[in-house]
Amino acid sequence: MPEVPAWIESLGRFGHFAKGLVYFIMGFLAFKLAIGAGGEIAGARDAIREIGQQPFGRFLLGLVAIGLLGYFAWRAVQAGKDTDGVGNGVKGVCKRIGYAVSGVAYLSLGCFAGSLALGWSSGGNGSQGGAASPLLESTWGRIALGLAGAVTVAVACYFFYKAYRAKFMTKYELSAMSETTRKLALHAGRTGISTRGIAFAIIGGFILMSAIRGTSDGEIAGMSDALAAIAAQTYGKILIGITGFGLMCYAVHMLLMGWYRRFNVK
């Protein structure tokens, strides 16, 4: 497999830590809501705003921004240099495209955190609910939206498969981990990745419904909307508590990846 410079390893590790922090806050706020200790339904941007409200918030936001931009850099190298050795076949190309898309998503999040740290943005919630509305005005737009929904559901299915097979364990430097840490990595990874799969399945399902019905009523734009949909179900508090716990497990998975992941460094 291609080797990567040492500075890419540092950015990649720091990026995993920053991503883990964002997911932990999302999960923690949802769990607090479930047990009646305050909390709220929060997406990634809401979690970043929460960081900014803490003591030394702008400094912490700066660190998170650097970490997320580092995660983008790592994903870009992963996609371009094929550092995981997935190859140029159909499956490998799909994985590398996924790495690139993931990187762009966290680039956007990193820029958002950076703008808050520098005082360029007030961090207002803004409106995301109409994102699909222009696409619904034409047949081709609805087809494109339907395809986006189908891809999102497919990603959710991949997360479930990934959690079941636990292939993520092959990315760890297992020799550096104790038996207890390995078990923690396995269970946290399976639980956290499965929880993301549930969220993506809900998001994809609502996108598909919007495309089929030709209406943006009940449109879901992101993680916070998926969590709100879970909370709105019967026994919603129990479900949102389980989901919050799952997101915190994913955060632990990311933190362990940041610490123990194997990098093919020059």
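This report describes the helices, nonpolar cores, salt bridges and selected residues of a predicted model.

## Overall architecture

The protein chain of this predicted model contains eight helices and zero strands, and, when read along the sequence, follows the pattern α-α-α-α-α-α-α-α. Of the 266 residues in the protein chain, 43% are buried.

Among contacts between residues at least 6 apart in sequence, 74% join residues at least 24 apart.

## Packing of helices H1 and H2

Helix H1, which covers residues 6–34, packs with helix H2, which covers residues 44–52, at an angle of about 95°, and the axes of these two helices lie 9 Å apart. Because angles of 65 to 115 degrees count as roughly perpendicular, H1 and H2 are therefore described as roughly perpendicular to each other.

On the H1 side, the contact is made by Leu21, Val22, Ile25, Met26 and Leu29, while H2 contributes Ala44, Ala47, Ile48, Glu50 and Ile51. The residues of this contact divide into nine nonpolar, no polar and one charged.

## Nonpolar cores

The largest nonpolar core has 51 residues, and those with the most contacts inside this core are Tyr23, Met26, Ile48, Leu68, Phe168, Tyr172 and Met223. Two or more residues are given to this core by each of H1, H2, helix H3 (57–81), helix H4 (90–117), helix H5 (139–165), H6, helix H7 (223–231) and helix H8 (236–260). Apart from this core lies another, of five residues, among them Val4, Ile8, Trp74 and Phe263.

Two of the residues with the most contacts inside the largest core, Met26 and Ile48, also take part in the contact between H1 and H2. Tyr23, another of the residues with the most contacts inside that core, is in contact with Tyr106, Arg196, Met223, Leu247, Tyr250 and Ala251, once its neighbours within four places in sequence are left aside.

## Salt bridges

Side chains of opposite charge can pair when their charged atoms come close. The structure holds three salt bridges, and they are taken here in turn. In one of them, the side chains of Glu9 and Arg13 meet with an N to O distance of 2.8 Å; both residues lie in helix H1, four residues apart, about one turn of the helix. In another, the side chains of Asp46 and Arg49 meet, with an N to O distance of 2.8 Å. Because Asp46 and Arg49 are three residues apart in helix H2, they are separated by about one helical turn, and Arg49 counts as buried because its relative accessibility is 14%, where the cut-off for buried is under 20%.

The remaining salt bridge joins the side chains of Arg182 and Glu179, with an N to O distance of 3.9 Å. These residues are three apart in helix H6 (residues 179–213), so about one helical turn separates them. Arg182 is partly exposed, with a relative accessible area of 30%, and Glu179 also counts as partly exposed, at 49% relative accessibility.

## Selected residues

Lys167 is found in the loop between H5 and H6 and is partly exposed, with a relative accessible area of 43%. Not counting residues up to four places away in sequence, Lys167 touches Tyr161 and Lys162. The C-alpha atoms of Lys167 and Arg190 are separated by 10.0 Å, and these two residues are 23 residues apart along the chain.

Ile242 lies in helix H8 and counts as exposed because its relative accessible area is 54%, where the cut-off for exposed is over 50%. The C-alpha atoms of Ile242 and Phe31 are separated by 7.5 Å, although these residues are 211 residues apart along the chain. Arg261, by contrast, has its place in the segment after H8 and is buried, with a relative accessible area of 6%. Not counting residues up to four places away in sequence, Arg261 touches Arg13, His16, Trp74, Gln78, Asp84, Lys171, Tyr172 and Leu256. Among these partners, Arg13 also takes part in the salt bridge with Glu9, Trp74 belongs to the core of five residues, and Tyr172 is one of the residues with the most contacts inside the largest nonpolar core.

Conventions
Residues numbered from 1 in each chain as written. Predicted model: local features only at pLDDT ≥ 70, side-chain atom pairs only at ≥ 80, totals over all residues. Heavy atoms only, no water. Axes fitted to C-alpha atoms, helices over the stretch in contact; angles between N-to-C directions. Parallel < 35°, antiparallel > 145°, perpendicular 65-115°, else oblique. Contact = heavy atoms within 4.5 Å. Nonpolar A, V, L, I, M, F, W, Y, C, P; charged D, E, K, R; others polar. Salt bridge = Lys/Arg side-chain N within 4 Å of Asp/Glu carboxyl O. Buried < 20%, exposed > 50% of the residue type's maximum accessible area, 1.4 Å probe, protein only. Core = buried A, V, L, I, M, F, W, Y, C linked by side-chain atoms within 4.5 Å.
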